[in-house]
Each structure stands twice: as structure tokens, then as C-alpha cells.
Amino acid sequence: MSFALREHTADVAVEATGDDLNGVFGAVADGMAAAMADAVPDGGDRFGLSVTAESREALLFDYLDELIYERDVRGVLPVDHDATVTESDGEWRVEATARGVPLDAVEARDLKAVTYSEMDLSETADGWHAYVVFDV
């Protein structure tokens with residue numbers, strides 16, 4: 001799995017790949033963290049979260065939105081993401097963990113929100129691809 005930050009007018013975009021949905025979800029979340037901080041120190045406690053949605057794309061949006069919420073509520077930068085994506089009876093779910101680095105331990109830039117603008121989540125011959133734009 002991998003990610004790259006992309007220039008996007010006044011916003012920032014993350015383009016990510018993964019062998020499977022789990023990998024691409026984690027890679028996008030890692031890319032989002034990289035967009036907020038150039039360097040991340042060791043430390044911080046892992047925390048879990050669970051998100052459900054009606055589609056894969058909505059799940060990716062809601063998952064990233066939840067990570068921004070966790071950042072704001074916990075006062076941590078979520079990093080080192082691990083995600084497990086499942087689908088059952090038309091409902092998509094991600095069970096995830098992240099390491100929460102206290103915001104006062106990093107020089108973090110603010111991402112205001114995840115957007116649906118130009119969002120792509122698609123299966124390719126090599127695995128999965130995602131492109132997500134964030135409002136800064």
C-alpha cells in the first residue's frame with residue numbers, strides 16, 4: 001500500500017493504492033495524516049473506531065471524516081492506520097485502529113474536511129486505487 005500527496009488548487013488531495021480495500025483505506029488515512037504533519041514522533045495510544053455506510057465510497061468518506069472528528073475531540077493526530085473493510089447485506093463497515101499522537105507533540109496543519117469532489121475508489125488490475133480531496 002502507498003500514498004502520494006497531490007496539488008489541488010486551494011485544497012490537498014491524496015492518491016493511494018492498496019492490494020485490497022483494507023490496504024487502500026489505511027493508505028488514504030496515512031496520506032491524510034501526512035498532509036497534516038511532515039514528521040510524526042513515536043508515542044501515543046492506539047484507539048479503535050467503527051464506521052458503517054451504504055456504499056464503499058460513502059464508507060471511505062465517513063471513515064476519513066471520523067478520523068478528523070477523533071483528531072478534534074481527542075486532540076491527537078491519528079497515524080499508523082489499520083483498517084478492515086467488510087460488506088454484509090448491503091451495509092459496508094470499517095473496523096479500524098490508529099495511533100493517536102498528541103497534537104502538542106507535532107507541528108500539524110489543519111484539514112477542515114474530506115470532500116466528495118473528484119473522489120475515486122476503484123478496483124484495478126493491481127489492486128485498489130483511491131483519490132480523495134480534502135478542504136484545507
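R71 forms a salt bridge with D110, the closest N and O atoms being 3.3 Å apart, where a salt bridge is a side-chain nitrogen of Lys or Arg within 4 Å of a carboxyl oxygen of Asp or Glu. Because R71 lies in helix α2 and D110 in the loop between β5 and β6 (113-114), the pair ties together parts that are 39 residues apart in sequence. This is a predicted model, in which local features need pLDDT of at least 70 and side-chain atom pairs count only at pLDDT 80 or more, while totals for chains, interfaces and linings use all residues. Residues are numbered from 1 along each chain as its sequence is written, and side-chain values use heavy atoms, leaving out hydrogens and water.

- R71 is buried, with a relative accessible area of 6%, whereas D110 is partly exposed at 48%; buried means under 20% relative accessible area, exposed over 50%, and partly exposed in between (1.4 Å probe, protein chains only).

**A pair within the helix**
- The side chains of R74 and E70 also meet in a salt bridge, at 2.4 Å from N to O, and being 4 residues apart in helix α2 they are separated by about one helical turn.
- R74 is partly exposed, with a relative accessible area of 45%, but E70 counts as buried at 9%.

**Other salt bridges**
- The structure holds 6 salt bridges, and another of them joins R93 to E95, with the closest N and O atoms 3.4 Å apart.
- Salt bridges that share partners join R71, D72 and D110 into one network.

Technical notes. Helices (H or I, at least four residues) and strands (E, at least two) are DSSP runs, numbered from the N terminus.
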